[in-house]
Amino acid sequence: MADTAPVIGIIMGSQSDWETMRHAADTLTALGIAHECRIVSAHRTPERLYDYARAASGRGLRAIIAGAGGAAHLPGMAASMTPVPVLGVPVESKALSGLDSLLSIVQMPGGIPVGTFAIGKPGAINAALFAAAMLAGTAPEVAERLDRWRRDQTDAVAVEPA
Ligand code: RP5
């Protein structure tokens with residue numbers, strides 16, 4: 001997979017977001033989907049964000065998973081500069097437990113959509129699964145791996161509590 005061009009970009013506002021966003025990366029790895037991970041901050045590295053978003057479509061990215069916390073403008077800013085669908089993951093913040101991140105990402109004014117997921121690890125996992133589902137329509141091998149992932153999840157649920 002290392003030799004395959006990434007089709008999903010995972011971006012995050014800070015190194016401190018990696019603890020959350022690595023779950024998106026792990027999920028894509030489990031599904032055999034080529035991806036890349038980058039630290040791209042809307043306010044600390046705005047030119048890096050501009051360059052990343054502007055190049056995304058031409059580089060073949062099919063979705064961008066963007067995680068940020070606090071005044072989390074990364075997903076919306078990225079979405080404003082690319083036609084590639086952006087899936088936003090609100091990272092749990094220290095001050096407000098991620099409610100600030102969630103509202104910053106979900107409350108986009110009409111016109112520039114950002115698909116918004118749950119706060120923290122569940123959101124990172126689900127953003128990756130959603131990206132996989134987006135690819136599955138044109139990639140039968142991804143559809144098959146996603147089906148298997150869901151079957152395995154179902155099989156792992158015990159009938160009785162231990
Ligand atoms: C945001 O500020 C990042 O997405 C991160 O969640 C938050 C805190 O960043 P650090 O101060 O930990 O670098 O831009």
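Ala78 is buried, because 26 other C-beta atoms lie within 10 Å. Buried here means 20 or more other C-beta atoms within 10 Å of a residue's own, exposed means 12 or fewer, and partly exposed lies in between; C-beta atoms are placed from the backbone. Ala78 sits in helix 3 (residues 74-80). Helices (H or I, at least four residues) and strands (E, at least two) are DSSP runs, numbered from the N terminus. Leaving aside neighbours within four places in sequence, Ala78 is in contact with Ile11, Leu49, Ala53, Ile64, Ala66 and Val86. Contact means that two C-beta atoms, placed from the backbone, lie within 7 Å. Ile65 is 13 residues from Ala78 in sequence, and their C-alpha atoms are 10.0 Å apart.

This is a predicted model: local features need pLDDT of at least 70, side-chain atom pairs count only at pLDDT 80 or more, and totals for chains, interfaces and linings use all residues. Residues are numbered from 1 along each chain as its sequence is written.

Now the record. UniProt lists residues 6-157 as "domain: PurE" in an unreviewed entry. UniProt positions follow the numbering used here, feature names are shortened, and annotations may be inferred rather than shown by experiment. The span 6-157 is 47% helix and 16% strand, and its end C-alpha atoms lie 32 Å apart.

The UniProt annotation "binding site", also from an unreviewed entry, covers Ser14, Asp17 and Arg44. These residues spread over 31 residues of sequence, yet they cluster in space, with a largest C-alpha distance of 14.2 Å. Is Asp17 buried or exposed? Asp17 counts as buried, because it has 25 C-beta neighbours inside 10 Å. Its place is the loop between strand 1 (8-12) and helix 1. Beyond its neighbours within four places in sequence, Asp17 is in contact with Met12, Gly67, Ala68, Gly69 and Val91. Arg44 lies in the loop between strand 2 (35-39) and helix 2 (46-56). Arg44 has 11 C-beta neighbours inside 10 Å, so it counts as exposed.

Another loop residue is Ser97, between strand 4 (86-91) and helix 4 (99-106). Ser97 is not a glycine, but its phi is positive, at about 60 degrees. Ser97 is exposed, because 12 other C-beta atoms lie within 10 Å.

Next, helix packing. Helix 1 (residues 18-30) and helix 5 pack at about 30 degrees, with their axes 7 Å apart. They are therefore roughly parallel to each other. Axes are lines fitted to C-alpha atoms, for helices over the stretch in contact, and angles run from 0 to 180 degrees between N-to-C directions. Angles under 35 degrees count as roughly parallel, over 145 as roughly antiparallel, 65 to 115 as roughly perpendicular and the rest as oblique. Helix 1 contributes Thr20, Met21, His23, Ala24, Thr27 and Leu28 to the contact, and helix 5 contributes Lys121, Ala124, Ile125, Ala127, Ala128 and Leu129. The residues of this contact divide into eight nonpolar, three polar and one charged. Ala, Val, Leu, Ile, Met, Phe, Trp, Tyr, Cys and Pro count as nonpolar, Asp, Glu, Lys and Arg as charged, and the others, Gly among them, as polar.

Helix 5 (residues 121-136) also packs on helix 6 (residues 140-155), at about 140 degrees and with axes 8 Å apart. That angle makes helix 5 oblique to helix 6. Ala132, Ala133, Leu135 and Ala136 of helix 5 meet Val142, Ala143 and Leu146 of helix 6. This contact has seven nonpolar residues, no polar and no charged.
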